[in-house]
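Hello,

Here is the structure we spoke about. My notes follow below.

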Amino acid sequence: TLEDQQHLDSLCSRRADGSMSLIWAPLLPQETADQLLHKMATTGILNDTTVGIFRNCKELRLRRASIRCCPVSAEGFCLALCPHRLQELDASWVPEGLTGADIVSGLASNLECRSSLQRLSLNGLRLDWESLEEDVVGFSSLQGLRTLNLANTDLTDAVLEDICTLPQLETLDISCSAVSKLTALLECKNTLKSLIAHRLRQLDMSPARLLFVLSQLHALRHLDFSDDHFSVDDSDGRDGDETVRQLLEGSPQVLPSLVSLDISGRKRITEAAVRVFVEARSSFVFLGLLATGVSSCEVLSSRENLKVTGEANEKQVCEALRRYRDRECFTREALIHLYNLTTDIDKPRPDMLKLVLGGMQSHPTSLHVHLVATACAFNLTTQDLAEAMPVSLLTSTVTQLLFAMKTFPSHQQVQKNCLLALCSDYILQDVPFDKYLAATLVINWLSSHEDPTLQRMAVAVISILVAKLSTEETAQLSKDVFIMKQLLAIVQQKAMVGVVDSTLKFALSALWNLTDEMPAAARNFIECQGLELYEEVLESYYTEPSIQQKILGLLNNLAEVEELQADLLEEDLLEHILSLLQDSQVEVGVRYFAGGILAHLTSRPEAWTLDEELRSTILHQLHTSIMTWTQLEREMVSYRSFRPFCPLLQTCQPSGVQLWAVWAIHLVCSQNTSHYSSMLEKESVTELLKALAAHPDTHGDIKGLSENILRMVEQHQSHSGAFDNQTGPRNS
């Protein structure tokens with residue numbers, strides 16, 4: 001959206017009042033102007049300044065305008081939109097103090113609009129009718145209106161009377177408004193086809209009077225008289241419930257055109273009444289019965305083309321999620337039933353996941369909705385189910401889960417649901433989403449939770465995410481000392497009791513990846529007393545190669561940073577690492593990393609501060625030990641680049657240092673030739689290897705391995721004819 005904004009800026013100049021105007025505006029096809037406004041509204045760049053471009057109403061002619069949720073003021077609205085011959089306007093939920101009164105008086109000031117405007121939606125606005133001057137006409141001045149949405153407004157009985165004089169009014173939504181009487185509807189009884197009157201809390205009419213008014217609406221085809229069943233006061237809506245009961249049990253001569261009735265959330269309805277009603281109306285197409293307790297009535301399943309919202313089966317629950325996307329109370333209710341339906345699901349259901357996602361997107365700040373929706377999302381993507389879903393749907397779902405983690409940071413269950421859903425190998429490895437954001441959110445969550453199962457999952461997720469970050473993102477993340485402290489605290493917590501579990505392994509892997517060619521992170525690690533901790537862990541876990549390998553891998557990352565080498569020059573530490581290098585009982589993987597640390601530290605004689613004899617011993621043992629290593633089958637390490645190897649490959653280096661570097665390059669090249677061959681070429685390492693192979697003083701062992709690597713590169717080049725620039729896996 002920033003790009004869209006910049007693009008728009010480049011096409012516009014500014015008027016004296018700061019609003020935008022197109023520098024050059026061709027006469028656009030009418031639909032294009034509508035699409036442009038819609039696009040600006042949905043990408044979030046429509047506001048008081050940018051809406052100014054629509055003041056050019058000769059070139060940009062609007063017919064169907066939407067400024068839904070966009071911060072547009074009364075003045076901006078009047079100048080940019082009122083001069084157009086509008087047919088439709090959606091100004092729902094505009095946040096900037098634009099009132100219904102501003103909109104109606106603005107539209108009525110354009111004589112053409114008075115007859116052309118057919119649909120108007122002011123859902124969620126303050127009408128502020130009192131602010132209108134006495135002589136200003138109301139809704140009735142917009143004589144062409146057929147559809148009017150005033151849900152969630154301060155609509156009053158007086159304004160409703162004015163509305164009902166509209167000669168062509170067909171659809172009216174007065175849900176959640178302050179209306180207390182519906183008698184005014186008798187004025188439009190011959191035109192009104194659809195009445196949506198969900199949750200009229202202040203309705204004050206006897207059931208008999210209410211039923212009389214409704215029964216006069218001869219043209220009515222759709223009636224929504226549903227109620228929010230979460231309402232606190234049980235007596236509320238009792239008259240409405242009674243009206244519904246009488247309507248269901250009454251004669252089919254009442255509302256003869258009715259084909260759709262929504263009474264979801266109404267209490268005190270009986271199955272018998274529903275049966276009587278449905279049997280008497282053969283052309284009925286929809287019945288809303290969610291949260292009424294009667295949706296399992298048998299007659300409903302016998303009618304094939306009757307759609308029902310309810311909780312009796314999957315079809316009814318999905319229908320409810322589709323229909324009630326904008327109603328928090330019903331979305332939550334339907335999700336609760338969907339959760340129960342999906343606890344043991346074994347077939348992938350992308351259709352259901354889409355509905356869950358829709359509910360979350362429609363109610364971004366509703367804890368009630370997200371609590372159940374995140375649990376449903378987990379049920380629908382668990383185990384192998386995710387792999388059968390469209391990747392774009394999973395991306396949207398994970399994005400929404402991360403949004404939930406961000407929105408409800410202290411709600412344990414929401415965080416737990418999101419974490420459970422994220423903890424899927426397939427999602428973490430193969431689905432594109434903001435891995436950096438995910439890593440920071442999970443790390444923040446980790447800081448306040450001790451539950452071992454969840455801790456294990458969180459650390460596993462972090463470990464996989466860190467390995468997926470770009471170099472820039474890793475650098476950004478590794479600057480954060482808080483993250484380093486979190487992961488080190490877990491290592492310490494595990495090491496204190498001496499356990500070997502996946503939480504410890506994942507934490508060590510994450511730290512290893514975070515410090516990989518990241519000097520700032522390596523410095524943080526030392527400042528957070530990581531080195532002392534690692535020395536202890538290295539000694540106490542001497543029989544655990546998988547732990548030792550990860551510890552030595554990180555120490556290798558430190559040893560590559562010249563200014564940190566002094567911190568590693570401790571006699572006890574180096575003696576211990578040397579003993580691992582020499583011990584033929586120790587796995588080659590462990591000896592390999594031990595060798596790497598020693599090779600880096602001995603490659604700079606000018607920085608060596610310990611006994612010279614120790615350095616000579618290390619150099620001798622490096623050569624002797626490496627020559628006994630067997631080639632490894634499985635991939636044990638991967639490199640972002642060979643830059644840290646360049647100093648070790650100089651012809652002036654001792655043979656032990658050269659040998660370790662050449663052996664390491666040979667190892668990864670033989671395991672992933674295509675990836676590393678191109679890296680060797682790109683980073684000019686082949687030149688260093690050629691120099692080593694040609695130099696008269698180079699040891700025969702090193703010459704042999706260098707020539708081998710060069711052969712592999714050559715074969716790869718002749719075989720592929722082009723470089724393959726894929727990125728390799730990271731330390732696992």
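Met496, Val497 and Val499 make a nonpolar surface patch of about 310 Å². Patches are made of residues with over 30% relative accessible area and no salt bridge; like charges are joined within 9 Å, nonpolar side chains (Val, Leu, Ile, Met, Phe, Trp, Tyr) within 5 Å. Areas come from the Shrake-Rupley method with a 1.4 Å probe, and for residues only the protein chains shown count as cover. A salt bridge is a side-chain nitrogen of Lys or Arg within 4 Å of a carboxyl oxygen of Asp or Glu.

This is a predicted model: local features need pLDDT of at least 70, side-chain atom pairs count only at pLDDT 80 or more, and totals for chains, interfaces and linings use all residues. Residues are numbered from 1 along each chain as its sequence is written, and side-chain values use heavy atoms, with hydrogens and water left out.

Val499 lies in the loop between helix H21 (481-497) and helix H22 (502-514). Helices (H or I, at least four residues) and strands (E, at least two) are DSSP runs, numbered from the N terminus.

Now the sheet. It is open, with 10 strands in the order S3-S4-S5-S6-S7-S8-S9-S10-S11-S12, and the pairing is parallel. Two strands pair if DSSP finds at least two bridges between them. Strand S3 (64-66) and strand S12 (307-309) stand at the edges; each has a single partner strand, so one side of each is left without a neighbour in the sheet. Strands S6 (147-149) and S7 (171-173) pair over three bridges. Leu148 stands opposite Leu172 in S7.

Best wishes
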